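Dear colleague,

Please find below the sequence and the structure for your review. My notes follow directly after them.

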Amino acid sequence: MSARQDWEEVYKLFDPEQPAYDSRIRVDRTDGPVTQIVKALGRPFGTPHVLFTGTTGTGKTTELLRLTEQRRDAELVVFLDLQRHFSDVVQDPSALEKISPWEVCFLAGLHLIATFRRQCGMELPEALVRDFAEAWSRAARRTDTPRAAEVDVGVLTKALLTVASGGVALATGASAAAVPVMGKLVADAFGALKLSLPVGRSARDLPDQDPDMQTMLGCVNNLVTEARRKSRPVLFVIDGLDRIRDIERAKALFVDSQMISKLECPSIVCGPFALRHHPSTAAIRGWSAVCVLVNEPVLLQSDPRKPGPGVDFFCKLFERRVEHIQQRNNQRLIPDDLLRRLAYRSGGRARDFIRFVQAVAELAWDADEAVASEKTVKGVLDTIRRQHEIGLHKGHIQMLEEIAADPEHRLPEHPLAQELLTYSTLLPYPNESEWYYPHPLLTMHLVKEPGSTPSSAS
């Protein structure tokens with residue numbers, strides 16, 4: 001094969017917008033929070049309800065897929081990818097920012113109906129499905145959801161039953177690669193009946209104690225109970241709520257409401273990182289644990305200008321995905337020193353590292369290089385560095401430099417700090433306690449580190 005064919009293959013292997021559905025291209029984080037969650041799920045007592053948080057791009061979805069595969073034989077795992085649902089089914093990704101607790105429960109029930117048929121080869125009782133559809137109709141009307149009155153309960157029930165009966169059943173133990181199928185199944189069933197549910201558009205919130213909210217929760221729990229009776233215990237894995245940046249919406253989901261945590265089965269919910277450093281976090285109730293997946297420690301805490309142990313994780317990730325190409329050609333695609341530089345400059349964010357490698361593949365293809373050159377890697381980092389600098393003003397830069405200069409790298413009590421965290425220009429790292437540092441792309445030129453002379457070429 002030519003060098004360009006190799007780089008085209010690398011480009012396809014490193015898609016920053018796709019989680020690692022295939023376990024063969026993952027590197028497990030054996031000391032991460034998912035290992036502890038799996039242990040909790042394996043105990044014969046207790047019902048774990050875990051709020052799983054972390055900044056976007058750290059690899060939370062990939063970790064949840066690993067959890068899904070480890071528990072697939074013990075539980076009926078219902079993996080609800082809310083981002084995909086709002087993109088493929090609702091066809092309005094921005095509506096996710098306005099989702100209500102009762103709507104999360106409804107979508108969990110919807111995907112349980114689909115997953116049960118696909119994995120168990122059976123259907124949940126039509127009466128329970130109709131009750132579930134009627135509960136949505138009442139809740140939608142009560143919350144002033146636009147066009148709720150236009151949705152016929154009979155048509156909605158038919159759509160739900162169509163979801164349940166569609167396609168070929170997946171056997172128990174289906175891999176995480178089957179997860180994207182569920183979203184398409186729901187989209188196809190609703191599309192065939194020209195049914196569009198207005199989700200994420202309710203005009204007002206209702207308290208958990210409201211009868212219609214309780215009815216919705218009760219209908220979902222009835223489906224959970226029936227699935228457990230007919231097959232095996234249900235485990236909800238709900239991904240996507242970490243995309244919510246508005247602290248008020250995050251509070252509405254997890255502080256002002258306990259509805260999601262009242263699902264009567266183990267539930268692992270990927271929650272908004274906005275809650276991590278907000279005073280309201282202490283008021284969260286109903287969750288047995290709050291677990292955080294932080295960035296890999298690619299910076300050394302005692303001297304963040306030097307690489308930390310997390311660099312090795314990304315080197316292993318790269319080697320895992322391109323091993324067959326490098327063996328075929330008997331040479332490395334990216335020299336070790338350049339690969340470690342990419343890992344360091346990623347800031348420990350899996351998505352950024354994968355994005356770097358994909359961009360290297362593009363430039364190496366253009367240059368027809370068998371091995372990525374220094375010029376190619378520098379070009380990638382400089383281009384993406386400039387993109388990260390967009391929108392940062394003097395106040396942002398001063399705050400980032402203050403954090404870099406602080407020997408303990410603590411989080412300041414300032415609204416700008418939360419803004420910087422939200423947009424991943426300031427990153428958290430693990431140690432005995434969390435510490436913070438500017439994204440290493442920014443310290444190449446824009447943000448001055450103590451004792452160093454920034455250089456965009458570094």
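Leaving aside its neighbours within four places in sequence, which residues is T53 in contact with? The model is a predicted one, and in it T53 contacts K60, G271, P272, C291, V292 and L293. T53 belongs to strand β1, residues 49-53. Its relative accessible area is 4%, so T53 counts as buried, the cut-off being under 20%.

Turning to the nonpolar cores, the largest comprises 63 residues, and I99, F132, F236 and L241 have the most contacts inside it. Two or more residues are given to this core by each of β2 (76-81), α4 (82-88), α5 (101-120), α6 (126-142), α7 (153-165), α9 (211-230), β3 (234-239) and α10 (247-254). Helix α5 supplies the largest share, eleven residues. Beyond residues up to four places away in sequence, L241 touches L82, L96, I99, V104, L253, F254, V269, C270, G271 and P272. There is also a second, separate core of 42 residues, which includes F313, A404, W435 and L441.

Finally, helix α13 spans residues 350-367, 18 residues in total. From first C-alpha to last it reaches 26 Å, close to the 26 Å expected at 1.5 Å a residue. Just after α13, D368 adopts a positive phi of about 55°.

Yours sincerely

Methods
Residues are numbered from 1 along each chain as its sequence is written. This is a predicted model: local features need pLDDT of at least 70, side-chain atom pairs count only at pLDDT 80 or more; totals for chains, interfaces and linings use all residues. Side-chain values use heavy atoms; hydrogens and water are left out. Helices (H or I, at least four residues) and strands (E, at least two) are DSSP runs, numbered from the N terminus. The expected span of a helix is 1.5 Å times one less than its number of residues. Buried means under 20% relative accessible area, exposed over 50%, partly exposed in between (1.4 Å probe, protein chains only). Contact means heavy atoms within 4.5 Å. A nonpolar core is a set of buried Ala, Val, Leu, Ile, Met, Phe, Trp, Tyr and Cys residues joined through side-chain atoms within 4.5 Å.
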